[in-house]
Amino acid sequence: MIRHHDNAEVLLIQPTMGITGEFALHPPLSLLYVAAGLKKNGFQPIIIDHRVHYDRWQISLLEQLARKPVYVGITVMSGAPIRHSIEVSQFVKQHSRIPVVWGGSLATLAPQDILREPFVDFTVSGSGFSSAWKLAQALQSLASGNDSDTIFDDIPGLGFKRGKDFFFRPRFHGFEHVPYQDIPYDLISDYSVYTQIGSRERIFPIYGAYGCPYQCAFCISPSMYRDYHQKWMPLSPIEIADHIEFLMSRFGATEIYFYDDDSFVNPDHVRAFMTEIKRRGLKPRLSFRGARINEILTMNDAFLDDLADGGTHILHIGIESGSPRILKLFRKGVTVDDILEANRRLARNSRIIAAYNWILGTPSETPDDIAQTIKLITTLLKENPRAFIFQPNKFHPIPGTELASLAERFGYRRPATLQAWIDEECEGEKIEPWYSKKTNSIIRMLQVTSYFIDRKPELLLEAKSAKNSLIKFLMRLYRPIARFRFRYRITAALWEYGVFQAARNRLI
Ligand code: B12
Ligand code: SF4
């Protein structure tokens, strides 16, 4: 039974996200999912997105606090978002007694490191759809005098404090699907503010499938889904097509970004919803952030043509390394030859952008291993003009993953404070104990040059504007230097890294 709460408000905040967040400024799907549960159960969620409404955020927050929301919820990932989330939480505490709740992937990984701080009252690990409204209900009940010890007992994934002790409830087990009709899209009044670097499209992220059955040793997913009965759950083609049709007609969506961990576990799933979209005469652009080399190898030229005909623009593919030893350590289940073959197939297609992810700085990785990655990237770019090289992620152990244990043997100490989690992302300035001086300088060089070695300006900067023309011009100007450094692994006098860090610090 749905209980009504006089539309009590819950304030949900999307913090700023650092450079990676500036590049992909999509509508805040995490908060829309959380808001769906609240709305369905009689609460009135309010979403404020500081990535797009940053100016005078303190004044608007004060106005919201004056309306006495049941709690302030923030969605937080490792890295740069933590800095602003701390600022916001401290501000709430300075100006009110309203409880502060952190949810999202950081709260899933390290709730105890968050709860240690006086400015956070609750954490929600794992799925937040039902936890968010159950917590709101419990807090209302507490405010009306119910101080039972068991008040928080049935809130999945909740972390809370009593005196000096922390308590954690088991996470929600499985995928909490939210039908698109329940996602309260109208809470956001203007979708034109969302964008992606260089793009002209109106992009909406959605899920086409939840979960992932693979076992990559560095990734959070295998430990998240370890004891799930079903590790990958595709949605029905009709539901996906309905969702896309709704977003196109209601909000003018022109591109759909699938946030799935992996969309192609069964490639026929993608074919099925593309067929349905086509049958309806819809022509959205589609991008997928979860694809694997072994999956590309199951697709022939005709299948890739169908993907491109169906509107596929970009496939994010985790290659991670060009060193056979590191690939094995990562449990990627593919060889360098597989990677080359998949890249050639994508090159033959000539319409889809193949965007490759990398990880550098793994314990035991040597400069020779990195040299093999450089060699692989060079070949991929030579053989596929539509290959796109993401800035390599610096390896940071995620608690609970297989590689976290290896990292501990190499001297890894997990971040001791919440602040220390700020550097646990690809651009973070953290030097792990196993980096040699040489490894560190090669990683720095690759972090900068990776932005320039491929054809990013030609592939991504579609919108015609003075700003984009200037970026294109500057990128082309620096490109020969970047390519020279990259190919010959020249790390001396890396003045660009200072410029790069200064630009980054301005953004976070
Ligand atoms: C989109 C995305 C991004 C976007 C962020 C978009 C945005 N919001 O602005 C960008 C590209 C910026 C990004 C960046 C990074 N990301 Co990212 N990203 C994702 C991705 C694909 C989807 C996240 C999402 O929105 N999901 C949709 C919602 C519905 O799910 P959700 O976020 O899990 O939210 C649920 C719960 O967490 C919870 N919840 C969430 N927030 C809240 C808040 C409250 C109050 C409550 C109660 C509950 C709650 O309820 C929600 C509904 O169930 C995930 C992978 C995935 N499939 O989840 C990786 C993922 C979250 N990212 C990851 C990583 C590693 C990164 C980077 C660190 C990578 C890097 N480059 O170094 C950076 C760091 C962030 C930064 N500096 O900005 C990891 C883990 C992150 C971590 N350790 O914190 C993930 C899990 C991918 C993976 N398998 O490795 N990312
Ligand atoms: S395929 Fe992607 S989501 Fe799945 S385990 Fe590997 S890295 Fe994680």
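Helices (H or I, at least four residues) and strands (E, at least two) are DSSP runs, numbered from the N terminus. The model is predicted: local features need pLDDT of at least 70, side-chain atom pairs count only at pLDDT 80 or more, and totals for chains, interfaces and linings use all residues. Residues are numbered from 1 along each chain as its sequence is written, and chains are lettered from A and ligands numbered from 1 in the order in which they are written.

**View 1. Strand 13 and its neighbours.** Strand 13 (residues 255–258) pairs in the parallel sense with strand 10 (residues 203–206) over four bridges; pairing requires at least two DSSP bridges between the strands. Ile256 is the bridge partner of Phe204. Strand 14 (residues 285–291) also pairs with strand 13 in the parallel sense, over four bridges. Here Leu286 stands opposite Ile256. From strand 13 the chain crosses through helix 10 (residues 267–279) to strand 14 in a right-handed β-α-β crossover (with the strands pointing away from the viewer, the path from the first strand over the helix to the second runs clockwise).

**View 2. The loop at Ala493.** Ala493 sits in the loop between helix 19 (466–488) and helix 20 (495–507). Its phi is near 45°, a positive value in a residue other than glycine. Ala493 is exposed because 6 other C-beta atoms lie within 10 Å (buried: 20 or more other C-beta atoms within 10 Å of its own; exposed: 12 or fewer; partly exposed: in between; C-beta atoms are placed from the backbone).

**View 3. The loop at Ser350.** Ser350 lies between helix 14 (336–349) and strand 16 (353–360). Phi of Ser350 is positive, near 60°. Ser350 counts as exposed, with 12 C-beta neighbours inside 10 Å.
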